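Morning, everyone. Please have a look at the model on the screen, and then we'll walk through it together.

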Amino acid sequence: MSKYYLNYLDELESEAIFVLREVWAQFENPVILFSGGKDSIVVTHLARKAFYPSKIPFSLMHVDTGHNFPETIQFRDNLIKELGANLIVGSVQESIDQGRVAEEKGKNATRNALQITTLLDAIEANKIDCAIGGGRRDEEKARAKERFFSHRDDFGQWDPKNQRPELWNIFNGKHFEGEHFRAFPISNWTEMDVWNYIKRENISIPSLYFAHEREVVWRSNSWIPKSEFLILDEGEEVVTKKIRFRTLGDITITGGIESDADTVEKIATEVAAMRQTERGNRSDDKRSESAMEDRKREGYF
Amino acid sequence: MLDNNQLLRFTTAGSVDDGKSTLIGRLLYDSKSIFEDQLEAIESTSKKKGHEGVDLALFTDGLRDEREQGITIDVAYRYFTTPKRKFIIADTPGHIQYTRNMVTGASTANVAIILVDARHGVIEQTKRHAFIASLLQIPHIIVCINKMDLVDFSEEAYNNIVSQFESISSKMLVKDVRFIPISALLGDNVVNRSEHMSWYQGAPLLHTLETMHISSDVNKVDARFPVQSVLRPQSEDFRDYRGYAGRVASGIFRKGDEVTVMPSGFTSKIKSIDTFEGEVNEAYAPMSVSITLEDDIDISRGDMIVRSNNKPEASQDIEVMLCWLNNNPAKPRAKYTIKHTSNDQKAMIKEVVYKIDINTLERNSEDKDLKMNDISKVKIRTTKPLMIDSYRENRTTGSIILVDDTTNETVAAGMVV
């Protein structure tokens, strides 16, 4: 076999770098949507590589629900400092205070869906014409239909039945004033690819991904962390468990799994043996069969 | 997974009736790529719908409308990994009204899987799928003769279909065709070897996908480097740095190579090939790198760096096989934006030479309207030269899309003849 081929991880990396460079070339004011989760961290790492030796040319935008893990915010601030990048924060609390959105009520209330308004407001206010996300097609069936360059109309909406065809590696980011694009450089990566890449590249990630002791409550098949926002149901009991998080979202909806994996190597091994999908621990996706599709249509990440 | 494992992209065209969804479900299920919570969801849906056992086809369900109507409308991408390779499936609908989606899925594929129902043999749809695979120059075709269980696993039925297919594919430009008799429903010859067809000596589908040689599919001769952007860091350490960022489309570039920048024609030598990890001595497709040159020349996005002794054609008049992708038909003499590698120009469709009836594969020189799903040979004139190779030689520098400036939609995809 000739040596002139790339292994799968190098090919995925090269594809993502190509997409990031296309975004930079085709848009005026692109940002990276940064959640503090592993996927947006990997995208940020790839952006650093894509433009080296130049500095990362994108601002990072964080939609702050106010229901964060403190560890995520600290990680975000450290990374911003290290990159010398600009941070834009869209605040869900501000959207609530301004009456743009209303807080959900009840025990299962979350701010997950409220983020859509804050995100679209921040995109408009900052004149952003492309928001780069860490979404992957393997995550969920609506995401399996996403393009690398995904059009959003002037209401920020996604029309999955009327998407632009995307052939070869020719990306069409042309748009009218007020519309924007979402770009997904790691579309073709799986959860396993992301972990293998984090391991290979030695990328730092928030401590929440590693096994640690935490006070948690058993709810909808996963360990929900105790926080000031958690309302205990009758019969629910706070216990201390050694857990880690497989994905990071709001502290109110992100469930942990019991685990002893405290290094990236151990996590990668654990993920390879997992028999549950990664978003199985996210109550935001469990609301209905098309929960993700419905949110995405409205402008969700 | 081993570090040197490759990525293989394949496309499957077909409708539910061919067993396409069942085949994909079977590949994912038997290669243990399906998670328990997905399986539970499918089990409960299967029960609700009154199916016996688990309906593997439900794994490929997509958007709400598709679930409700029980059809695939758009391309969906699916992923699985074995100890030998990582796979990306472009799962596309097979009906004639979705030709554009098949073309889309085929554009990046190394392999096309064409499903033939063993009871029906080669039908119009098979011909169409084979034609699209050859038009898009997918390097390898695997014809899966499915539902062998319904023809008593008959070798004769299989042989008949093989010769039917060979009689149509011999007229097309396909390099590597293989045939596998399978039953997606029962799993015969998908992941595991069939116990019912001892007469078949070849490998099951998955083993074929895992082992077929794909690294020579990429053109390694014609060195082409479309410039995506220019890197000019504003830092002390890199004050005079001027790097041309891009991804190698084909061929191999080495430090010290004599290169020409097109379309300007300026020549220079490669001073360095840089990555985040440091300098490399050579770059080949599909590596993303940044190239610096010995001389200061004016280079920007849309230019192409090539080796001086092997240049593409720079032309404003190009002939392409064009697939129309949009609901709105082509407007006569209308201007479009043509996108070719990193180069955008204005273009006009000057002439429709002929249209292909994709069921009979006959040429029609009378009907010149370009409507959705039509495939035609056309002549295009651009305002500035494009640096093109024929699509047959080079899938990256031989492909274009057309964008309608009044809607910004991608309306056509073309392959340079």
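The contact takes 65 residues from chain A and 80 from chain B; contact here means heavy atoms within 4.5 Å. About 6,600 Å² is buried between the two chains, and carbon and sulfur atoms give 54% of that. Buried area is the accessible area, with a 1.4 Å probe, that two parts lose on being put together, summed over both. In chain B, the residues that lose the most area to chain A are B:Leu63, B:Phe276 and B:Asn408, together 11% of what that side buries.

Some ground rules. This is a predicted model: local features need pLDDT of at least 70, side-chain atom pairs count only at pLDDT 80 or more, and totals for chains, interfaces and linings use all residues. Residues are numbered from 1 along each chain as its sequence is written, chains are lettered from A and ligands numbered from 1 in the order in which they are written, and side-chain values use heavy atoms, with hydrogens and water left out.

Next, the sheet in chain A. It is open, has 6 strands with mixed pairing, and its order is β3-β2-β1-β4-β6-β5. Strands are DSSP runs of E, at least two residues, and helices are runs of H or I, at least four, numbered from the N terminus. Two strands pair if DSSP finds at least two bridges between them. One bridge pairs A:Met61 with A:Ile88 in β3(A).

Now the spaces. On a 1 Å grid over the protein atoms alone, a cavity is a set of points where a 1.4 Å probe fits but cannot get out; lining residues have an atom within 4 Å of a point. Grid points are joined across faces, edges and corners, and a volume is the space filled by probe spheres set on the points. How many cavities of 30 Å³ or more does the structure hold? There are 6. Of its 20 lining residues, the closest to the centre are A:Arg137, A:Phe148, A:Trp168, B:Tyr77 and B:Thr108. β1(B) gives the largest share of that lining, 3 residues. β1, β3 and α4 of chain B each supply at least two.

Technical notes
1 Å grid on protein atoms, 1.4 Å probe; cavity = no way out; pocket = protein on both sides within 12 Å on 5 of 7 lines; lining within 4 Å.
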